[in-house]
Amino acid sequence: MYLMLLQTNVPYASFPESIKTSSCKIVYITRNPLDILVSQWHWHLKLIKNWVGDLDEFQPPSIKDFCKEFCIGKFPSGPPCY
């Protein structure tokens with residue numbers, strides 16, 4: 001028996017047809033998009049704080065506005081990538 005393990009960040013849709021139609025077993029694990037949204041929002045606020053220096057001077061985007069941009073694919077890890 002030949003066992004081969006491969007880890008990739010390539011979306012399933014981008015796999016070659018030869019892999020999709022083969023008899024190999026594929027375990028596809030994905031992260032909850034809501035978890036990604038909240039994590040990205042906090043990461044962006046932290047980045048802005050480090051860049052601007054103080055969040056008191058900056059009005060951060062609301063989670064609602066951030067969600068709209070996230071859902072249309074303005075961030076590389078948003079839902080359109082899946």
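Colleague: Quick one to start: the charged end of which residue sits over the ring of Tyr-12?

Modeller: That's Lys-20, with its charged end 5.3 Å from the ring centre. A charge sits over a ring when NZ of Lys or CZ of Arg is within 6 Å of the ring centre and within 35 degrees of the ring normal. Bear in mind that this is a predicted model, where local features need pLDDT of at least 70, side-chain atom pairs count only at pLDDT 80 or more, and totals for chains, interfaces and linings use all residues. Residues are numbered from 1 along each chain as its sequence is written, and side-chain values use heavy atoms, with hydrogens and water left out.

Colleague: Good to know. What does Lys-20 meet in a salt bridge?

Modeller: The side chain of Glu-17, at 3.7 Å from N to O. A salt bridge here is a side-chain nitrogen of Lys or Arg within 4 Å of a carboxyl oxygen of Asp or Glu. Both residues lie in helix 1, 3 residues apart, which is about one turn of the helix.

Colleague: Is Glu-17 buried or exposed?

Modeller: Exposed, because its relative accessible area is 52%; Lys-20 is partly exposed at 24%. The cut-offs are under 20% relative accessible area for buried, over 50% for exposed and partly exposed in between, with a 1.4 Å probe and protein chains only.

Colleague: How many salt bridges are there by that rule?

Modeller: The count comes to 2. Asp-35 also forms one with Arg-31, and their closest N and O atoms are 2.6 Å apart. Asp-35 is partly exposed at 38%, and Arg-31 is partly exposed at 41%.

Colleague: Back to the rings. How many aromatic pairs do you count?

Modeller: There are 2 aromatic pairs. Rings of Phe, Tyr and Trp (its six-membered ring) pair if their centres lie within 6.5 Å; planes under 30 degrees apart are stacked, over 60 edge-to-face and the rest tilted. Tyr-12 and Phe-15 have ring centres 5.4 Å apart and planes at 55°, so that pair is tilted. Tyr-12 and Tyr-28 have centres 6.2 Å apart and planes at 70°, so they are edge-to-face.

Colleague: And where do Tyr-12 and Tyr-28 lie?

Modeller: Tyr-12 is in the segment before helix 1 (17-20) and Tyr-28 in the loop between helix 1 and helix 2 (33-52), so the pair ties together parts that are 16 residues apart in sequence. Tyr-12, Phe-15 and Tyr-28 form one aromatic cluster. Phe-15 is buried at 16% relative accessibility, while Tyr-12 is partly exposed at 35% and Tyr-28 is partly exposed at 41%.

Colleague: Which residues form the nonpolar patch on the surface?

Modeller: Tyr-12, Ile-19, Ile-26 and Tyr-28, with about 330 Å² of accessible area together. Patch residues have over 30% relative accessible area and no salt bridge; like charges are joined within 9 Å, nonpolar side chains (Val, Leu, Ile, Met, Phe, Trp, Tyr) within 5 Å. Accessible areas come from the Shrake-Rupley method with a 1.4 Å probe, and for residues only the protein chains shown count as cover.

Colleague: New topic: how many helices and strands are there?

Modeller: The chain has 3 helices and 0 strands. Helices (H or I, at least four residues) and strands (E, at least two) are DSSP runs, numbered from the N terminus.

Colleague: Which residues make up the largest nonpolar core?

Modeller: It has 7 residues: Ile-36, Leu-37, Trp-41, Leu-45, Phe-66, Phe-70 and Phe-75.

Conventions
A nonpolar core is a set of buried Ala, Val, Leu, Ile, Met, Phe, Trp, Tyr and Cys residues joined through side-chain atoms within 4.5 Å.
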